[in-house]
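Welcome! Please open the model in your viewer, and let us walk through it together, one selection at a time.

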Protein chains: 2
Amino acid sequence: MATKPGIPKGTRDFSPVEMAKRNYIFDTIRKVFHLYGFQQIETPSMENLSTLMGKYGEEGDKLLFKIQNSGDYFSGLTDEELLSRNAAKLASKFCEKGLRYDLTVPFARYVVMHREELTFPFKRFQIQPVWRADRPQKGRYREFYQCDADVVGSNSLLNEVELVQMIDTVFTQFGIRVAIKINNRKILSGIAEIIGEADKIVDITVAIDKLDKIGLDNVNAELASKGIPQEAIDKLQPIIQLSGTNEEKLDTLKQVLAASQTGMKGIEESEFILKTLAGLNIRSEVELDLTLARGLNYYTGAIFEVKALDVQIGSISGGGRYDNLTGVFGMEGVSGVGISFGADRIYDVLNQLDLYPKDASAGTQVLFVNFGEAETAYVLPILAKVRAAGISAEIYPDSAKMKKQMSYANAKAVPFVAIVGENEMQEGKVTLKNMATGEQALITPDELIASF
Amino acid sequence: MATKPGIPKGTRDFSPVEMAKRNYIFDTIRKVFHLYGFQQIETPSMENLSTLMGKYGEEGDKLLFKIQNSGDYFSGLTDEELLSRNAAKLASKFCEKGLRYDLTVPFARYVVMHREELTFPFKRFQIQPVWRADRPQKGRYREFYQCDADVVGSNSLLNEVELVQMIDTVFTQFGIRVAIKINNRKILSGIAEIIGEADKIVDITVAIDKLDKIGLDNVNAELASKGIPQEAIDKLQPIIQLSGTNEEKLDTLKQVLAASQTGMKGIEESEFILKTLAGLNIRSEVELDLTLARGLNYYTGAIFEVKALDVQIGSISGGGRYDNLTGVFGMEGVSGVGISFGADRIYDVLNQLDLYPKDASAGTQVLFVNFGEAETAYVLPILAKVRAAGISAEIYPDSAKMKKQMSYANAKAVPFVAIVGENEMQEGKVTLKNMATGEQALITPDELIASF
């Protein structure tokens, strides 16, 4: 007796209905990427572990899916090494390859390997799955898609402006109302500098990030618990409580950070991005938000994050500027800026708001009922013509009972059923039935084609 | 000093130009699948090894990429087991998951797991990468895409007919002239039965398959070397040398296989498929070809294979009927029939015949030159309007030298460049330059949009 099959935890099958929705998401994003001049690349699912290891921190290394070497991977291992049972250490002997953990490191590797054939600035996008051996939980999977667009080889802030426009275009097309939050790593560095706690920048931003959740008092308490002196916490207050329009926020920051060159640079960058966007009539609100501390160990300039306004869910897109993408692979001085769309969360938001277009399924438009050999012989050439006209169509393959064939049409949500019996054959026509209204019409094949 | 990065052997990066071509292939196939009422699914890249092992023969098991378990995979292993250094045996202790080897076994697993929610006949397609730890060589990769369409839960030969139509539609759309070869496993079984060598069916078909390459004498010699008696080889001659039209071939077979019920059934099936197709005006030639012995351990009825007529290359598509797809997972009696398109070979054929449509790249249509801040401020709202009209457009992000910006346009094969200097700004116009002809025109932004 065969065992009942399952799939690895944290992975998913996608049914036809789910696929249609996912394709709608990916196609929409892909079209916008193209509209802005980004070019698609793909990289292999597996990378050498030497490419991946050490890029995502110690925790990330553990979360890499490693692929066992083929052949005799025990050769060269001593008895002592084997009996040490040191899984982490032996993994490096057993495995040379791993599944990609994100699209950024493979992209950096790609840029370095293909530097001679690329023209910079290089605007690339990439839509591929990534794998993480994370503990699976609601909304967190071990295999999931990332949709990334990055520009490398240009320091111009126009890139930041365009990425925000692109976010706005994507969510406008989805019909999802969003707030686009921007911040700047240089402003955060400036803050740490001004209060004399440069090494505490992570602690400070983590605490500021919690303002919404735990309130001001608890943020201040957390800052104190991290060893930040009261004097510094006092200096931080106008920043933690920053409010008003983007202009007002920038004005406050200019005063507080006047003594920090880095901070003032971050303000200037943010000002340029916000002002330029203000002239471009984008639909989403763009808000300077200092509590935004995404990817802090990574980003060096602008930081973006997108929140859906009508659904309670984490950020559905984000990104930022990073100054040394390819340095780790020996190619220095290549600045990049990019954004990433969270397909799984966008999927949930579109579902909750019921925003999928009704024709997203690309399903069968008309099913021809199968009454037997003679009728089928009459139907098949008509069916070929219908398809040649670009209309998705089927004939039920077996001459099963009418009820079964109609159930099939219903299950596939086929909107029209074409019925051809003796009558229709004699008249050279087909009966077309609208499955929603029940209406029937006796029409010629050409009229049928014209009706779609 | 960072090491120069590489990628695992047998894997590939796909550049923007390659991606555009690959997307053209996948999009074309996907559209045809939809046209015929097939629905897309996706399954996880990793499956439990219990799902994959034993499905592809002993050789296949070795070619599975296995994924190392996370955590302490040494627990429960004795010193003796470890020191045995038995890689094959220990792999099953170290690994519970593997990368999918094809799309068929995951599909069978999918059908069994989702049987309650599926409506049969279920017409599914799937376009995803698969992985095989094969020795890489020219045209053989360790990661490659399969494009499969299958119908399960229907014994009707109309499915076979439609799959052949689908093959014809796909290659007609590509502009690739092909011969579609069909055979039937039951005919081959009938042949083995008639000559009294039922257990030699594999040897016989393998030998027949070599007719083109090694000639009749060598085929006969090979048959003899496999222990097939001269009397049986004599009986095989009309079959090995079968020629003429499909009708003539079937007539000969009817005589030779008259005593074999199975053989006659195969002839009847082939006759139905060929006759029905003959009335449907398909463009490719369809040929009954008994030397076709693809997937013989697997297929139970019709067998298909597609050869490009104008390029020397192996088969570019193939498939067949298999009677017990899901039995191995405990769900008996589900017949299926399917085809698979070989994307990598189709890619090579389209390249060799230069058949890619010129607009397949979906690249930037117009690049706005960047002359500095004032000009950019003037250009950005125009650029937004151009994109809103669905035209892929960019502005060069830095106000670099004209020559550099033009090189960028050339490298990306951008057909038009828009130039905006003081003159244009004063007149409220842009200069649009055709990069192929060098022609320039001073036009309004609306005229620019209308020109695409």
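Predicted model: local features only at pLDDT ≥ 70, side-chain atom pairs only at ≥ 80, totals over all residues.

To find out, select residues 185-194 of chain A for helix α8 and residues 261-278 of chain A for helix α13. Angles over 145 degrees count as roughly antiparallel, so α8(A) and α13(A) are roughly antiparallel to each other.

Now show the side chains where they touch. On α8(A), the contact includes Lys186(A), Ile187(A) and Glu193(A), and on α13(A) you will find, among others, Gln261(A), Lys265(A) and Glu269(A). The residues of this contact divide into two nonpolar, seven polar and four charged.

Next, go to chain B and select helix α1, residues 16-35, with helix α14, residues 343-352. Their axes come within 10 Å and cross at roughly 115°, so α1(B) and α14(B) are roughly perpendicular to each other. Here α1(B) passes α14(B) in a right-handed crossing. Among the residues that meet are Tyr24(B), Phe26(B) and Ile29(B) in α1(B), and Ile346(B), Tyr347(B) and Leu350(B) in α14(B). This contact is made up of eight nonpolar residues, one polar and four charged.

Finally, display both chains. In chain B, 103 residues are in contact with 104 residues of chain A. Together the chains bury about 8,400 Å², with 60% of it on carbon and sulfur atoms. Eight salt bridges are found across the interface. For one salt bridge, select Glu162(B) and Arg387(A), whose closest N and O atoms are 2.9 Å apart.

Methods. Residues numbered from 1 in each chain as written. Chains lettered and ligands numbered in written order. Heavy atoms only, no water. Axes fitted to C-alpha atoms, helices over the stretch in contact; angles between N-to-C directions. Helix = DSSP H or I, 4+ residues; strand = E, 2+ residues; numbered from the N terminus. Parallel < 35°, antiparallel > 145°, perpendicular 65-115°, else oblique. Left-handed = near helix turned anticlockwise from the far one by under 90°. Contact = heavy atoms within 4.5 Å. Nonpolar A, V, L, I, M, F, W, Y, C, P; charged D, E, K, R; others polar. Buried area = accessible area lost by both parts, 1.4 Å probe. Salt bridge = Lys/Arg side-chain N within 4 Å of Asp/Glu carboxyl O.
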